[in-house]
Amino acid sequence: MTAWLEDETSLQTREPRSGVGTLPPLRSQASHQPAEVTSSGAVWLASATANPRTTLARWQASPASPGVLPCGTAFDVVSVPSLFGRRMLERLWAEGPGSGPVATHRGRTLLFAAPGTAQRLPSLLAWEEWGTGGAGPVSGARTLPPVLCHGTGDAVTVPPLTCDPTAPGPQWVVAPDTRAPWLPGPDVLRWACVRAARSAAPPVSDYSIFPPADPGANVYDVSRRR
């Protein structure tokens, strides 16, 4: 495994991913094996901490252990139920700009987002009249599953740097592979949330318990009777 404690300037930084063309290989994997973090991705993750070199040393000693990283500096995290997160990713990959790193943990999908997203996304969803299923959505608002936004002052559990599909705990869906990954902002994730919610809405049924109206029937205005 790459020694992440080597001079970080020697790590070649690839261009951030953009567009949806970078993700089909991941989606087409029949085995659905979790992805592994590259050395450049590890450097990016460690940059979220106050002492990146210490974090890299800990990971080098125990690369198969999950970690806990603070949000708000290198990234924010938007956490949604797994099924809803899958629908969001399908929209982001098929119709949108793609996604940044993505993980799963305890039945939820963790979407890594641009710093500041955790603060702005709830307001954008409220403005769109989409409640987040949490504390008291606005009366009359359409409801989303619980959307948890982790930003400054919060911390999240991240998967190990190495993959083991048989191990319990968090797993990478899209692992960090560059020191400058593209991260969706609040507008992109608002779009994905709304699209995913609409795709999950039950279809409107044409069935009615009332018989169809007879177009030839006589209609009387009983409101004028005395």
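Is R195 buried, partly exposed or exposed? R195 is partly exposed, with a relative accessible area of 33%. The model discussed here is predicted. Its protein chain holds six helices and nine strands, and buried residues account for 39% of its 226 residues.

**Chain as a whole**

- The protein chain exposes about 12800 Å², and carbon and sulfur atoms supply 54% of that area.
- Of the contacts between residues at least 6 apart in sequence, 81% join residues at least 24 apart.

- Five strands make up an open sheet with antiparallel pairing, in the order 7-2-4-3-9.
- Strand 7 (148-150) and strand 9 are the edge strands; each has a single partner strand, so one side of each lacks a neighbour in the sheet.
- On average, neighbouring strands of this sheet are turned by 25° against each other, direction ignored.
- Strands of a sheet pair through backbone hydrogen bonds, in either a parallel or an antiparallel sense.
- Strand 2 (residues 76-81) is joined to strand 4 by six bridges in the antiparallel sense.
- Within that pairing, V77 is opposite F112 of strand 4, and P81 is opposite R108 of strand 4.
- Strand 2 also runs antiparallel to strand 7, with three bridges between them; here V78 is opposite C149 of strand 7.
- Five of the six residues of strand 2 are buried, which leaves the strand mostly covered.
- In a regular strand the side chains alternate between the two faces of the sheet.

**Helix 2**

- Helix 2 (residues 39-46) is largely enclosed by the rest of the structure, because eight of its eight residues are buried.
- The buried residues are S39, S40, G41, A42, V43, W44, L45 and A46.

**Salt bridges**

- The structure has four salt bridges.
- Side chains of opposite charge can pair when their charged atoms come close.
- E95 forms a salt bridge with R91, with 3.8 Å between the closest N and O atoms.
- E95 also meets R195 in a salt bridge, at 2.5 Å from N to O.
- E95 has a relative accessible area of 43%, so it counts as partly exposed.
- Within helix 6, D187 and R190 are three residues apart, about one turn of the helix.
- D187 and R190 form a salt bridge in which the closest N and O atoms are 3.5 Å apart.
- An α-helix has 3.6 residues a turn, so residues three or four places apart point the same way.
- The two partners fall in separate accessibility classes: D187 is partly exposed at 38% relative accessibility, whereas R190 is buried with a relative accessible area of 18%.
- Through shared partners, salt bridges join R91, E95 and R195 into one network.

**S99, in the loop between helix 4 and strand 3**

- S99 is located in the loop between helix 4 and strand 3.
- With a relative accessible area of 6%, S99 is buried; the cut-off for buried is under 20%.
- The side chain of S99 makes a polar contact with the side chain of W93, at 3.2 Å.

**A196, in helix 6**

- A196 belongs to helix 6 and is buried, at 0% relative accessibility.
- Leaving aside residues up to four places away in sequence, A196 touches F84, R87, M88 and R91.
- A196 and R86 are 110 residues apart along the chain, and their C-alpha atoms are separated by 8.7 Å.
- One of the residues that A196 touches is R91, and R91 also forms a salt bridge with E95.

Notes. Residues are numbered from 1 along each chain as its sequence is written. This is a predicted model: local features need pLDDT of at least 70, side-chain atom pairs count only at pLDDT 80 or more; totals for chains, interfaces and linings use all residues. Side-chain values use heavy atoms; hydrogens and water are left out. Buried means under 20% relative accessible area, exposed over 50%, partly exposed in between (1.4 Å probe, protein chains only). Helices (H or I, at least four residues) and strands (E, at least two) are DSSP runs, numbered from the N terminus. Two strands pair if DSSP finds at least two bridges between them. Axes are lines fitted to C-alpha atoms, for helices over the stretch in contact, and angles run from 0 to 180 degrees between N-to-C directions. A salt bridge is a side-chain nitrogen of Lys or Arg within 4 Å of a carboxyl oxygen of Asp or Glu. A polar contact is a pair of N or O atoms within 3.5 Å; within protein, one must be able to donate a hydrogen and the other to accept it, and residues adjacent in sequence count only if both atoms are side-chain atoms. Contact means heavy atoms within 4.5 Å. Accessible areas come from the Shrake-Rupley method with a 1.4 Å probe; for residues, only the protein chains shown count as cover.
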